[in-house]
Amino acid sequence: MERKDFETWLDNISVTFLSLTDLQKNETLDHLISLSGAVQLRHLSNNLETLLKRDFLKLLPLELSFYLLKWLDPQTLLTCCLVSKQWNKVISACTEVWQTACKNLGWQIDDSLQDALHWKKVYLKAILRMKQLEDHEAFETSSLIGHSARVYALYYKDGLLCTGSDDLSAKLWDVSTGQCVYGIQTHTCAAVKFDEQKLVTGSFDNTVACWEWSSGSRTQHFRGHTGAGGLPFFKGFWT
């Protein structure tokens, strides 16, 4: 049949089919199916699957969609966000879902902030950081080069790191730049603590000493211990 004749025939059939009752339409379809071969049946099956699908998340009222979403775990929700733009929009707008997800991770939640997208971003950021921690990729590492012997003592405060070494020196480092700010010749250091002006060291020679950063000079020297140790009593030393 020529294309033009086929289109005319199809138009006539369509008009007639639309005029039938539901029962007659069903009988017509049954008859056509019985006349169809494998190619036609496969075509029919593929198209029926698409026609019968219903996007319930799009069709349901938003409040009911939110209620259903609350039963899903966050990872499943993130997978559902990939289904379509509409699903992503609805899921990303459910404040309670993402607030609960953040709470389950141990976050303190400000319930007055009703911005669902904000809480979704907070959750994703937390998950990313946890993954980085698990894979040992959460922190950048660097080496501080300066001591010529073993480093026994470390003390960190306000972005500064003090190190005491077996090379008879103590150094103060700016952690952000990796640069040595001060260096003082000392005894062997078992422990170190510092403030803006002074450095206190506990040594393997059984003594404790106080030094000035500006001059590098030792201002006090305490003797009396019979063994080396840390500096637990220096918690209130500066007062």
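Asp158 counts as exposed, at 66% relative accessibility. This value, like those that follow, comes from a predicted model. Asp158 sits in the loop between β1 (151–157) and β2 (160–165). Its phi is near 50°, a positive value in a residue other than glycine. Most residues other than glycine have a negative phi. A second case is found at Asn206, where phi is near 75° and again positive in a residue other than glycine. Asn206 belongs to the loop between β6 (198–203) and β7 (208–212). With a relative accessible area of 25%, Asn206 is partly exposed.

Strand β8 (residues 218–222) contains Thr219. Thr219 is partly exposed, and its relative accessible area is 42%. Which residues does Thr219 contact, leaving aside neighbours within four places in sequence? They are Cys210, Trp211 and Glu212. The C-alpha atoms of Thr219 and Leu199 are separated by 10.0 Å. Along the chain, Thr219 and Leu199 are 20 residues apart.

Attention now turns to the interior. In soluble globular proteins, nonpolar side chains tend to be buried together. The largest nonpolar core here has 18 residues. Leu69, Ile91 and Trp98 touch the most other members of this core. Four helices each supply at least two of its residues: α6 (74–80), α7 (85–92), α8 (95–104) and α9 (116–134). Helix α8 gives the largest share of this core, four residues. Ile91 shows how such contacts are built up. Residues up to four places away in sequence are not counted, and Ile91 then touches Leu57, Leu69, Leu77, Cys80, Cys81 and Trp98. A second core is separate and has 12 residues. Among them are Ala153, Cys189, Val192 and Ala209.

How many disulfides does a search of the whole structure find? The count is zero. A disulfide needs the sulfur atoms within 2.5 Å. Cys81 is likewise in no disulfide, with the sulfur of Cys80 as its nearest cysteine sulfur. Are these cysteines buried or exposed? Cys80 counts as buried, at 15% relative accessibility. Cys81 also counts as buried, at 9% relative accessibility.

Leu29, Leu32, Ile33, Leu35, Leu41, Leu44 and Leu48 make a nonpolar surface patch of about 600 Å². Helices α2 (22–35) and α3 (38–52) each supply at least two residues of the patch. The largest share, four residues, comes from α2. One of the patch residues, Ile33, is found in helix α2. Ile33 is partly exposed, with 39% relative accessible area.

Charged side chains form four salt bridges in total. One of them joins Arg3 and Glu7, at 3.1 Å from N to O. Both residues lie in helix α1 (residues 3–18). They are four residues apart, so about one helical turn separates them. Arg3 is exposed, with a relative accessible area of 57%. Glu7 counts as partly exposed, at 38% relative accessibility.

A salt bridge also links Lys70 and Glu96, whose closest N and O atoms are 3.6 Å apart. Lys70 lies in the loop between α5 (62–69) and α6, whereas Glu96 lies in helix α8. The pair therefore ties together parts that are 26 residues apart in sequence. Lys70 is partly exposed, with a relative accessible area of 41%. Glu96 counts as partly exposed too, at 44% relative accessibility.

Asp195 and Lys198 form a further salt bridge, at 3.5 Å from N to O. Lys198 counts as partly exposed, at 24% relative accessibility.

Definitions and conventions: Residues numbered from 1 in each chain as written. Predicted model: local features only at pLDDT ≥ 70, side-chain atom pairs only at ≥ 80, totals over all residues. Heavy atoms only, no water. Core = buried A, V, L, I, M, F, W, Y, C linked by side-chain atoms within 4.5 Å. Buried < 20%, exposed > 50% of the residue type's maximum accessible area, 1.4 Å probe, protein only. Contact = heavy atoms within 4.5 Å. Patch = residues over 30% accessible without salt bridge, like charges linked within 9 Å, V, L, I, M, F, W, Y side chains within 5 Å. Areas by Shrake-Rupley, 256 points an atom, 1.4 Å probe, with all protein chains shown as cover.
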